[in-house]
Amino acid sequence: MMKFSTYSDRRSVPYLIVLFLVTLLFTLSLIHPFRIDADAAFQIKSVQQWLRGESTLLNALVLPSPNDLSKDVQAWTVWWPPGVPFFFLPLIAIGLPLGIAAKLTTYLLFLLGCIGWLKLADVIKANFQTKLVISLILPIYSITIANLTELIGDVLPFAIMPWLFVYALYISSCFQSNQFSYRHILINSSIIGILLGSVYWLKYSAFTVSLGVLLYLNICFLFFSSQYTLKKRLLLVGVCTACLLLPFFSLTLLNLLLSNSNIAVSQYNNFGFGSPATKGFGLLCSFLGSIGLALFQAYGGLMHLIYFSDRVIPFFASWGPGEREIPLAIAGIPGTVVVIWLLLYSRKLYDKSVFILCCCVTFVPFLLLGYLTGKVGFNFIVHNIRYVSAFFIFTQILLVSAYIHYFKNNHKRAAKFLAVIILILFFIFPNLFTVGNFARNGVFERIGEHYITTANKLYVPVLSKVNVKSVVEQINSVVKSPQDIVVLALDEPAPFGAWLEMKQRTLPLVDAWGPLVQTHGTEGANLRGASKFTSSKDLRLILVISKSFESDSKMVLQIKQRFPQATKWIKVKTPKDEEVAVDILYSDLKGL
């Protein structure tokens, strides 16, 4: 019988724990159909249309023109980078249902990320206890970053960034060693530069982390070793920086050519963001509290406390959502203090290369996201869970190491008491809340639920909370020709998931109309807009409108009036009210 050494056996334990827990969680989640909505649905829809031959580009959508409903326009979006669809394309292309393909891809990417983070812990020589703790924490991120019930695009940087951190540390060690040639270091510097720049094609916010890694490498090349001349060291800096900027400017140019807009931030001003927490004193509070809110995803519990606990804390009852960002940020400041203290404490536990890299990828992204917060008016740094997942686990590895060392080596009663308080408030509470909140809202509420899906195997509650298949069949039953259009007027900010169920030409009217602003302006795809739609040819219009709008007759009338050629609306009989979340109406338009 083969025996393993004690060291090898212990080393594999964290990996086995992660593999078991992540696989278990994803397997249990298969009980319920997967949900794809918002930005993820937009990009998966582009895959769906591209595979059907309806569009010529991934990350672009074909939909009816706002100037003539009988014609189509192709909308390229700069809101989300074009790399995401390529990762989900393979399993969809081989014929797996959308829900199954998306969940399986998410599982594989998340597992890749977990292994990457543990590999990083091995490379930086974290102790066994630290890796054990991290192996128990990582599966919790499957609830938020790789949502077990809903597709979220944040799993990509989670999966990729730890491997880039490992690669950066490898290049640093090569540079400081005499065993590798300058040519070897130069080639690897150019490769990592391209890889770091390519992150911009996957997740805009994760590019801030790439810039943190670039800063670390440049510090390494300039100050970590003097075995090379200054000219050679500056060449490494220049090559690495230029290679990073190449993918960035390539995508910027592509966006400009296809949409007349180079970055998504340039379109944000259309929405009029302007929270009090993004200017002056509010911005300062946001920045000071942001790191603490990221600590073990403390944001979730603290947000629930301040935003949804008015019965317990009536003080905030009269405050609007934007106003509550400041107390939320202030609540994160103690966590920021703990992070900085433990991070400084970890200096004596790790090599300087590790500590400097960790500092670069911790503070550079927060500084850049803080700048964007002030510029755009949307609080990227307070509402930061999805933006910091790509790098903050690295920080937490060092924090856990520092905490364990502090607890073991301080025997004073006051020190032990402080350690226990930190453990309860900043480790146990946020992780328990994340798990408990998911169990209540994502599991227990759906126990015993039998949801009837279409062939896509998707959960689409905005259409029906029981039987989406019947709703889709009802819509299809009144379609006369391929020219007919389904108009989705649904009571959710970005209900693009319902679009995935439509094989017909579809016009979504949504509150989150930003991705379609280049082709439809600020009014065309806006649910609250008043612009008119006309058709030069005869076609049938099928209006799918949320039942929740029935109490707002003005809203329903405004939506209908946007189609002046629709002189008579016929309501389709739907199943029991409790099974359907929408009304279906149709009207035949006579071409102009």
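**Exercise 1. At what angle do the axes of helix H15 and helix H17 cross, and how is the packing classed?**

Step 1: Find the helices. H15 covers residues 352–376 and H17 covers residues 392–409; helices here are DSSP runs of H or I with at least four residues, numbered from the N terminus.

Step 2: Read the geometry. The two axes come within 9 Å and cross at roughly 135°. Axes are lines fitted to C-alpha atoms, for helices over the stretch in contact, and angles run from 0 to 180 degrees between N-to-C directions.

Step 3: Name the class. H15 is therefore oblique to H17, given that angles under 35 degrees count as roughly parallel, over 145 as roughly antiparallel, 65 to 115 as roughly perpendicular and the rest as oblique.

Step 4: Look at the residues. Val354, Leu357, Cys358, Val361, Thr362 and Phe366 in H15 meet Phe392, Phe394, Thr395 and Leu398 in H17, where contact means heavy atoms within 4.5 Å. Sorted by class, the residues of this contact are 8 nonpolar, 2 polar and no charged. (Ala, Val, Leu, Ile, Met, Phe, Trp, Tyr, Cys and Pro count as nonpolar, Asp, Glu, Lys and Arg as charged, and the others, Gly among them, as polar.)

A word on the model: it is predicted, so local features need pLDDT of at least 70 and side-chain atom pairs count only at pLDDT 80 or more, while totals for chains, interfaces and linings use all residues. Residues are numbered from 1 along each chain as its sequence is written, and side-chain values use heavy atoms, leaving out hydrogens and water.

**Exercise 2. How do helix H14 and H17 pack?**

Step 1: H14 spans residues 325–345, and its axis lies 8 Å from that of H17, at an angle of about 70°.

Step 2: H14 is therefore roughly perpendicular to H17.

Step 3: On the H14 side, the contact is made by Val339, Trp341, Leu342, Leu343 and Tyr345; on the H17 side, the residues include Leu399, Ala402 and Tyr406. By class, this contact has 11 nonpolar, 2 polar and no charged residues.

**Exercise 3. Where does Asn410 lie, and is Asn410 buried, partly exposed or exposed?**

Step 1: Asn410 sits in the loop between H17 and helix H18 (413–443).

Step 2: Its relative accessibility is 23%, so Asn410 counts as partly exposed (buried means under 20% relative accessible area, exposed over 50%, partly exposed in between, with a 1.4 Å probe and protein chains only).

Step 3: Not counting residues up to four places away in sequence, Asn410 touches Tyr345, Ala415 and Lys416.

Key:
Helix = DSSP H or I, 4+ residues; strand = E, 2+ residues; numbered from the N terminus.
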